[in-house]
Amino acid sequence: MADYFHEMGWRELGEGETPNHLLHMARFLIDFGIYEDQFTGQWPRLPPPASVEAVNNLPEVVIDKEGRDCPICLKKFNINDKAKEMPCHHVFHATCILTWLKQTNSCPFCRHELPTDDEGYEAFKKEKKRSEQRQESLATLHDSMFS
Ligand SMILES: [Zn+2]
Ligand SMILES: [Zn+2]
């Protein structure tokens, strides 16, 4: 049994550590492929809203070029319009992007994700990254052994 958990990347808790149930739950579900959509590897529901802090920290920019439009409402910006810029540099009307980010955390144009206040989802993302890294290092190991 101990070997089994070891293999799955679990480790025993050190002294004074308390179990992180959400993290364990996320790890469990990912290892068993329940949380991920089998075909896309995506969170099967719409990801949760962006964190309030991340939304409040989005910088405001002034449009200085013609021809840009807001990907949400598709209206053209006018020069000197104020807009909100996402970390991926996509620019939206404040009202458009703020409404959107209350529904889900990613850029509607390129799906760049903002942090969320949802602990379960954050644990999911962390574990997904960890399991990708694990697979990468296995692949590297495999290559170094067989090439
Ligand atoms: Zn808009
Ligand atoms: Zn974007």
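## Buried residues and an aromatic pair

A residue counts as buried when its relative accessible area is under 20%. By that rule Tyr121 is buried, and Phe124 is buried too. The model described here is predicted.

Tyr121 and Phe124 also form an aromatic pair. Their rings are stacked, 5.9 Å centre to centre, with 25° between the planes. The count of aromatic pairs comes to one. Both residues sit in helix 5, three residues apart, so about one helical turn separates them. An α-helix has 3.6 residues a turn, so residues three or four places apart point the same way.

## First zinc site

The zinc ion (ligand 1) has four coordinating residues: Cys70 (SG), Cys73 (SG), His93 (ND1) and Cys96 (SG). The distances run from 2.0 to 2.3 Å. Along the chain, the donor residues follow the spacing C-x2-C-x19-H-x2-C.

What makes the arrangement around the zinc ion (ligand 1) tetrahedral? The four donor atoms subtend angles of 97 to 116°, and a tetrahedral site needs all angles between 85 and 135 degrees.

The zinc ion (ligand 2) is held by Cys88 (SG), His90 (ND1), Cys107 (SG) and Cys110 (SG). Here the distances are 1.9 to 2.4 Å. The donor angles are 105 to 116°, so this arrangement is tetrahedral as well. The sequence spacing of the donor residues reads C-x1-H-x16-C-x2-C.

Cys88 lies in the loop between strand 2 and strand 3. Cys110 lies in the loop between helix 4 and helix 5. The pair therefore ties together parts that are 22 residues apart in sequence. Cys110 has a relative accessibility of 36%, so it counts as partly exposed.

## The nonpolar core

The largest nonpolar core has 18 residues. Which of them touch the most other members? They are Phe77, Ala83, Met86, Val91, Phe92, Leu101 and Leu114. Helix 3 (52-56), strand 3 (91-92) and helix 4 (94-101) each supply at least two residues of this core. Helix 4 gives the most, with three.

Phe92 has contacts in several stretches of the chain once residues up to four places away are set aside. Among them are Cys70, Pro71, Ile72 and Phe77. Phe92 also touches Ala83, Lys84 and Met86. Further along, its contacts include Ile97, Cys107, Pro108 and Phe109.

Cys96, Ile97 and Leu101 are buried in helix 4. Seen down the helix axis, the buried residues fall within an arc of 115°, so they line one face of helix 4. These residues pack against helix 3, strand 2 (82-85) and strand 3.

Ser106 belongs to the loop between helix 4 and helix 5 (119-146). Is Ser106 buried or exposed? Its relative accessible area is 9%, so Ser106 is buried. Leaving aside neighbours within four places in sequence, Ser106 is in contact with Met86, Trp100 and Leu101, and also with Arg111, His112 and Glu113.

## An exposed loop residue

Glu66 is found in the loop between strand 1 (60-62) and strand 2. Its relative accessible area is 69%, so Glu66 is exposed. Glu66 and Lys76 are ten residues apart in sequence. In space, their C-alpha atoms are 8.3 Å apart.

Definitions and conventions:
Residues numbered from 1 in each chain as written. Chains lettered and ligands numbered in written order. Predicted model: local features only at pLDDT ≥ 70, side-chain atom pairs only at ≥ 80, totals over all residues. Heavy atoms only, no water. Core = buried A, V, L, I, M, F, W, Y, C linked by side-chain atoms within 4.5 Å. Buried < 20%, exposed > 50% of the residue type's maximum accessible area, 1.4 Å probe, protein only. Helix = DSSP H or I, 4+ residues; strand = E, 2+ residues; numbered from the N terminus. Contact = heavy atoms within 4.5 Å. Donors = N, O, S within 2.8 Å, 3.2 Å for Na, K, Ca; no water. Tetrahedral: all angles 85-135°; square planar, octahedral: opposite > 155°, others 65-115°. Arc of directions from axis to C-beta. Phe/Tyr/Trp six-rings, centres within 6.5 Å; stacked < 30°, edge-to-face > 60°.
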